[in-house]
Amino acid sequence: STPLFYYRQHSLSLSINNNRLLDERKKIKRQNIGEKYKNYKIAIIVGAKNSYEELPNLVLKKFKSKPLIDYTLEALNDFDYNGITIISTDDDAVIEHCNKNDDLLTIKRTPELSQNSAIIENIVYHSVKYIEDNNIYSPDIVMFLNVNNPMKNSGHIHKAIDTLLMYQCDSVISVYEDFDLHYQHKRYGLEAISKRRHRRLRIEREALFVDNRAINICWRSVIKENNFRGKSIGHIIMNREESINIKSEFDFKFAESIFEKMKI
């Protein structure tokens with residue numbers, strides 16, 4: 001409960017202060033965990049569904065200068081860990097693309113796991129069971145990375161595993177903080193969920209967070225069919241700009257625009 005640092009926030013510097021705040025939190029966790037994460041066997045599953053009707057061949061579609069999946073793979077190249085990387089896909093072309101890298105294990109999904117109703121929990125369960133049943137690998141920690149989010153980097157991956165180890169929670173998800181004022185319909189009409197407006201002092205327990213689906217990490221022991229989050233769920237905060245999840249042509253173009261501004 002000891003305060004580690006203080007920061008002042010006002011309307012004109014909200015985004016600047018928020019970026020610095022997230023960066024300082026990341027540094028604190030890195031300093032505390034250090035190389036301890038290398039004591040654990042980690043399986044990283046890259047979700048690479050490539051059969052979206054509204055955006056065909058999304059995984060291999062050129063995002064700026066290279067296929068979308070390569071941004072996730074490059075983030076992993078910058079992450080030094082003891083483990084295995086698994087590509088879970090429904091497309092032979094994605095398998096062919098990834099097989100150029102000998103360090104990647106590709107798994108072809110069942111048709112059921114390629115349907116729109118398929119959930120990440122079962123994709124993770126299927127991949128873990130595959131590597132364990134075939135005596136390929138037995139992980140202590142399992143991480144799921146979504147190809148649809150090209151903005152994540154090795155720093156976010158480090159932050160997620162540092163959070164899991166530091167707080168010993170069952171799982172950690174990546175989120176962005178929603179600064180809009182939300183209402184619920186109550187007896188007398190709309191009532192604000194958060195009692196404090198954002199131009200005044202906010203407290204973290206009143207914040208609203210949105211799952212950006214970029215990173216999910218958990219202990220192997222909590223993974224079950226239909227569930228991999230367990231009871232205690234931690235989180236890491238990514239900026240709204242970093243949280244884009246591409247599912248449409250509009251998302252794709254918008255993400256390219258944001259990516260270019262972030263590079264500048």
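Modeller: A salt bridge here is a side-chain nitrogen of Lys or Arg within 4 Å of a carboxyl oxygen of Asp or Glu. The structure holds ten of them. This is a predicted model, in which local features need pLDDT of at least 70 and side-chain atom pairs count only at pLDDT 80 or more, while totals for chains, interfaces and linings use all residues. Residues are numbered from 1 along each chain as its sequence is written, and side-chain values use heavy atoms, with hydrogens and water left out.

Colleague: Why is the pair Glu 35 and Lys 38 called a salt bridge?

Modeller: The closest N and O atoms of Glu 35 and Lys 38 are 2.7 Å apart, and the cut-off is 4 Å, so the pair qualifies.

Colleague: Why is the pair of Glu 260 and Lys 64 said to tie together parts of the chain?

Modeller: Glu 260 lies in helix 6 (residues 249-263) and Lys 64 in the loop between strand 2 (62-63) and strand 3 (66-67), so the pair ties together parts that are 196 residues apart in sequence. Helices (H or I, at least four residues) and strands (E, at least two) are DSSP runs, numbered from the N terminus. The closest N and O atoms of Glu 260 and Lys 64 are 3.1 Å apart.

Colleague: What makes a set of residues a nonpolar core?

Modeller: The residues must be buried Ala, Val, Leu, Ile, Met, Phe, Trp, Tyr or Cys, joined through side-chain atoms within 4.5 Å. The largest such core has 48 residues, and Ile 69, Ile 87 and Ile 246 have the most contacts inside it. Helix 2 gives the most to this core, with six residues.

Colleague: Which residues is Ile 87 in contact with, leaving aside its neighbours within four places in sequence?

Modeller: Contact means heavy atoms within 4.5 Å. The partners of Ile 87 include Val 46, Ile 69, Leu 73 and Ile 107.

Definitions and conventions:
Buried < 20%, exposed > 50% of the residue type's maximum accessible area, 1.4 Å probe, protein only.
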